[in-house]
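User: Could you walk me through a few spots in this model, starting with the strand pairing?

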Amino acid sequence: MIGAVEGGRSGNLPAEMTSFVGRSRELEDATGLLARVRLLTLTGVGGVGKTRLALRAAERVAGAYRDGVWLVELSALQDEALLAHTICEALGLRDQSAKPQLDVLVGQLADKRLLILLDTCEHLVRACSSLAEALLRAAPGVRLLVTSRQALGLPAEHVLAVPPLDAVEMGGDAVRLFAERAVAVQPRFEPSGAVLRLCRRLDGIPLAIELAAVQLRVFSPEQILENLDDRLFSAGSRTSMPRHQTLRTAIGWSHELCEPLERLLWARLSVFSGDFDLDAITAVCGHEPLTPQGAERALEGLIEKSIVLTAGRRYRMLDTLRVYGREWLAHLGQEADLRRRHLDHYLGLARWFHQEWKGPDQIGWSRRMSGELANIRAAFDHCWSDPREHERGLDMAGHLVWFWVACGYLHDGRLQLDRALARCRGPSAARTAALWACACVAMTQGDHDTAEDLLAEGATEARAQDDEMGAAYILTLRAGLALLRGDLTEARVIASLAERIHHDLGDPGFGVLLSLSVQALALLCQGGEALEPAEAVVEQMWRLADTFGGRWLRSYADHHLASVRLARGDIAGAAALARRCLETKWRLRDHVGTALALDLLARIAVTRADGTLAARLLGLSHQVWRAQGAVGMGSPAFAEPRRACEEAACALVGDHAFDAAFAQGTRLNLDTEVPRLFA
C-alpha cells in the first residue's frame, strides 16, 4: 500500500470548526448501521446536515477500522473521469502510473479494512454507483458512507434519510442550534418564543437556521421572523412549505439582505471550484461594476454574513450557497463571461508557473499550484466543453508540464494532455509543446513506446514550423529516452547536441541543465573512467543552477555527485548530498526523484554494512516506484543498481532478514518516515 493508509494513521477526518448540536437518534442509527452494512447512504435536502452527521458517525466508529476512516470531498469535482483519482489522492495513494485509477484503487484496497466517506455525490451518482459496486466486490474489508441528495441505487445500499432538527419545543435541537450560533453575534443571547417560531418556519433545516442567526447583527428574532413570514407567504403556502423551498427562501432572504455589490460578488464567486484566494477573486470577479478594491469590500461583507467561509488566506462557499449563486449568475447572463475570465486567470497562472519554475521558488510554486488543482481542473473542464477553448486548453496543458512531472501529478497531466492532443490536431507551437510534454509524462510513467511515438510526431511538427526551441526540448527528451532504454552512448551524444542547441538558442539555463543531467546519468551508469567526466558535468550543473535558480535540477545534481562520491569512498559526503536531494524531492512531491534518492541511501547503507537499513529503504522506495508503474521507470539504468543493492544487502543479513526488513519498508508511512531521513 502506498501513502498514508499503510502507515497506521486513523485517517483524514477534519477537526470540527463549530459545535455539533443534537442528532442523537440519527447518530445512533447511523453508527448502528455502519456496524452491519457495507454501504450506507445518508440522504436529505440540501442544508439538512448530512455531512456533519456523517463526519460525527465516522469519527465515532473510527476505532473499528485498522486502516483508517477517510473523507473524500466531491463537491468541487465535476469530471467523473477523475473520481477514482480523487479518492486515491484523499487516501494518500500516490499511484501516478498509466494504469486505470479504478484498477489501482481496488487493487490497493483489496486487503484493507477502512471506511471511506464519499461526501456530496448527487452530481456524480452514476460514477459513484459504479465505483462503489467495484469496491464492494473487490475489497471485502472496505465500507462506504455516502452523503447525497439522491441514493446510489445499488442492491447492497442501505439508505438513511436525515430529517430536519426538532423544532417542536424550546429545548429542541433547532432552538439549541440557533442559540449556539447566535452567541457568536450576541454573547449574552437567550432564546425566546420568537426563536422557536422562527425555527419552525425554517422547518428545522440547520443551514437555514444558521443563516438566520447571522441576521441578529441587524434584526431582532421577532423582526427576522416577521420578514421571513412575509417571504414565505409571498412564495406560497404558510403551512405546508416544502423543505427545499424553505431553504431557498432562507438563502434568498440572506441574498436580499446583502448589498448589491455583495450579491454580484456572490454570483461571480460561484464560478470557482473548491477554495480560492484573493488574487483569483480580484482577477476573475473584480470588473465593472466591481473594482478590485470593491470586490475586497464585498468579500468582507459576505464573510460577515457567513456566505463565504475563510481558512487562512483561502476562501470557499458551501455547495448549496454556490449553486444558488450560479443560478443568479446565469440569470444575470454573466456565466459565459465569468467562466472565460476564470479560464483566463488559471491559464495566466499556468504560464506564470512555467516561467517561474526556472527560478528559485520552486517549492513555493509547487505548493501554490497544488492548492489550485480543483480550479485548474475546472478550467480544463470549461476548455473541453467549449470547442472555442480547445486551443487554450492545449496551451495550458503544455505550460504545466513541470507541474505534472516534478510535483507529483502525472495522472492529471496525462489525462489533460491526451485530451488536448485529441482535440487539437492542427500544427502549432502549442501542440508541439504539448507533444513533448506528454512524452515527458509518459517516460516518467515508464511508457517508453508511447513517448517515442509522441517525440517522433513532435519532431516532425517542430521541423515543419521551424520551432527550434521545441525541437531542442524534443532532442533532450530523446536523449532521456535513450538513457531509459539503456543506450548510454546514444544518450550522451544526443544530450550533448541538445545542450549546445539550447545554449545557442538563448536558453543557457533550464534546457541546458536538463541536457547535462542526462549526460551525467549516462556517465555514471558507465562507471569506471567515466566518473571523472561525470563529476565535471555535475559541477557545471551546480554552477548553472546557482546562476539561474531552480532546486529541482540542482537536487538532481546533488544525486549525481553523491553517486560519484560514493563510488570514490566518500560515504559521509555522499550521504549528506543524498539527504539534501531527498529533502528537495520530497518537498516538491517529485516521486521519481524521491525514489532515486531512497535507492541511493540504500546503496550508502550497504557500503556501511547495514543490510537491514538498506532493505528497509528499498522497501520504502518500492512504494514510490510502484506508484510510477515501473521500478526505475522501466529502465535498466536505474533498475540494475537497485538490483545490485538488493543482492548486497541480502548477502549482509541473509534472505529471511532482508525479506522481513523490506516488507517493513513497504508498510511504513512515507509521510512519516521520509522526513525523518533528512531531518
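User: Which residue in β8 is the bridge partner of Asp-277?
Analyst: The partner of Asp-277 is Arg-314 in β8, where strands are DSSP runs of E with at least two residues, helices are runs of H or I with at least four residues, and both are numbered from the N terminus. This is a predicted model, in which local features need pLDDT of at least 70 and side-chain atom pairs count only at pLDDT 80 or more, while totals for chains, interfaces and linings use all residues. Residues are numbered from 1 along each chain as its sequence is written, and side-chain values use heavy atoms, leaving out hydrogens and water.

User: And what order do the strands take in that sheet?
Analyst: The open sheet has three strands in the order β6-β8-β7, with antiparallel pairing, and its edge strands are β6 (276–277) and β7 (309–311), each pairing on one side only. Between β6 and β8 (residues 314–316) there are two bridges, and strands count as paired if DSSP finds at least two bridges between them.

User: Switching topic, where is Gln-445, and is Gln-445 buried or exposed?
Analyst: Gln-445 lies in the loop between α21 (429–444) and α22 (448–465), and Gln-445 is buried at 4% relative accessible area (buried is under 20%, exposed over 50%, partly exposed in between, with a 1.4 Å probe and protein chains only).

User: What does Gln-445 touch?
Analyst: Not counting residues up to four places away in sequence, Gln-445 touches several residues, including Gln-96, His-411, Arg-414 and Gly-629, where contact means heavy atoms within 4.5 Å.
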